[in-house]
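Here is a short report on a protein model. Look at the structure first, then read on.

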Amino acid sequence: MSSATQRRVFLVAALLVAAVALGVISMGGIGENLVYFWTPAQVHENASKAVGATIRMGGVVQADSVDWQPDTQALTFTVGESAVDTATPITVHAQSAPPQMFREGIGVVVEGTMTDAGTFRADKVMVKHSNEYRAPTDGMAPADLYATVEEL
Amino acid sequence: MKSPLAIVGLIFVVLGMLATAAGHWIGLFVAPPEAMMGDVGRILYVHVPTAWAALIFFMVAFVAAIGSLWSGWRGFDAATTGAVEVGTVLTFLLLIQGSIWARPTWNTWWTWDPRLTTSAVLAAAFGVVLLMRRLIDQPAKRQMATAVATIIAFVDVPVVYFSVKWWASLHQQASTRASMDSVMGLPLGVAALGMLVMGTGLMLLRTKVELVRLAHEADAPELPPTAAPLRLDDPAGGDPTLDEAT
Amino acid sequence: MDGMIDGGWGFVWAAYGITWAVLLGYLVTLVLPGRLSPPGS
């Protein structure tokens, strides 16, 4: 086999392997291994597996559900599939101060385990930021909001 | 440094750095803080251009690798190396920037989110391509291995890009014009263009460096890997070490 | 809680500082003598 032929055989083989690999990945071939978090509904579905095992649950902090006790460091809130979830919300207990962006209506991913009581005991509370990037509105503008913005 | 490739490369680097610096300046000192992330949100203007540039240079590497295998031309081999190395440097920077950004916003330095995991795989995969290249002495074999490995590693590029769409993730979706105030879009666009031009310049310089190395290697193929002039100690005597000197 | 992240410029400077330092350092390694032209020419 001449070296040019050999190179082109390798080219076709490499492209084929790459295409097949990408196809398998995009069709969900490794989906199970890349499940980063379960939603509250999925936690309910997998209730037997969720108790005792370390899992992540992602969802939205429900309105009027946040209770933070600075003296005991007890943080309690409810996570639902969406901003208003009446079917499958799960109550989360954590022993840490809420992160700065934490608030009602924001997306969170909590790491921990389900308890027999049907609540989630979180070791870690992570806050999700949406893809929205907005200048502060007047109501929440910090005192030092840059006056130069108008100059653009 | 009379080579046109080196001169064009340097011009691109200088122009790209000026544009990147301008975009960063606007992002840091003129644009407003972000409504939720505050000043920390300004990391956007360095992180997103780095990500775009990294993925684009891996695309360039992919095309160069195909050319390299098809034609066997040494220039494609050097260009593949240049694009892979610049992309890899940018991907490592991307991971560091992201980690720094994640701590105050997400409340963690690192998590095995699909976007983060696939990005780490990207850095590792192309890092391996560069390492492998160093370990093969025979030029034709090295050219073929580099190109094949680049094509295989490239599979992860679309996976990184679509990871936030395919799987549930902590990392946000890609921003759009609608999801970003125009006052933030301007410094982002300027910095992204600057990073792309700067990266292109760095890639051209790295390609030239590789071409020089390959030409030198072809001129003197009989040189042993550890050439005698590199030895600092006296070959006839013992093996003096730093310990003995102190 | 329930507000904009305050402070945090340290994170911003770290991210920009590392990026510029690495890119400038990388540039320097590429223009070192003997790299862009054959040694001895």
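## Ground rules

Helices (H or I, at least four residues) and strands (E, at least two) are DSSP runs, numbered from the N terminus. This is a predicted model: local features need pLDDT of at least 70, side-chain atom pairs count only at pLDDT 80 or more, and totals for chains, interfaces and linings use all residues. Residues are numbered from 1 along each chain as its sequence is written, chains are lettered from A and ligands numbered from 1 in the order in which they are written, and side-chain values use heavy atoms, without hydrogens and water.

## One residue in chain B

Thr81(B) sits in helix α3 of chain B, which covers residues 74-106. Is Thr81(B) buried or exposed? Thr81(B) is buried, at a relative accessible area of 2%. Buried means under 20% (1.4 Å probe, protein chains only).

Contact means heavy atoms within 4.5 Å. Neighbours within four places in sequence aside, Thr81(B) contacts Leu130(B), Arg133(B), Arg206(B) and Glu210(B).

## Chain A

Chain A has three helices and six strands. Their order along the sequence is α-α-α-β-β-β-β-β-β. Of the 152 residues in chain A, 39% are buried.

## Where the chains meet

The contact involves 53 residues of chain B and 43 residues of chain A. Together the two chains bury about 4400 Å². Buried area is the accessible area (1.4 Å probe) that two parts lose on being put together, summed over both.

One salt bridge crosses this interface. A salt bridge is a side-chain nitrogen of Lys or Arg within 4 Å of a carboxyl oxygen of Asp or Glu. Asp181(B) pairs with Arg134(A), with the closest N and O atoms 3.0 Å apart.

Methods:
Buried means under 20% relative accessible area, exposed over 50%, partly exposed in between (1.4 Å probe, protein chains only).
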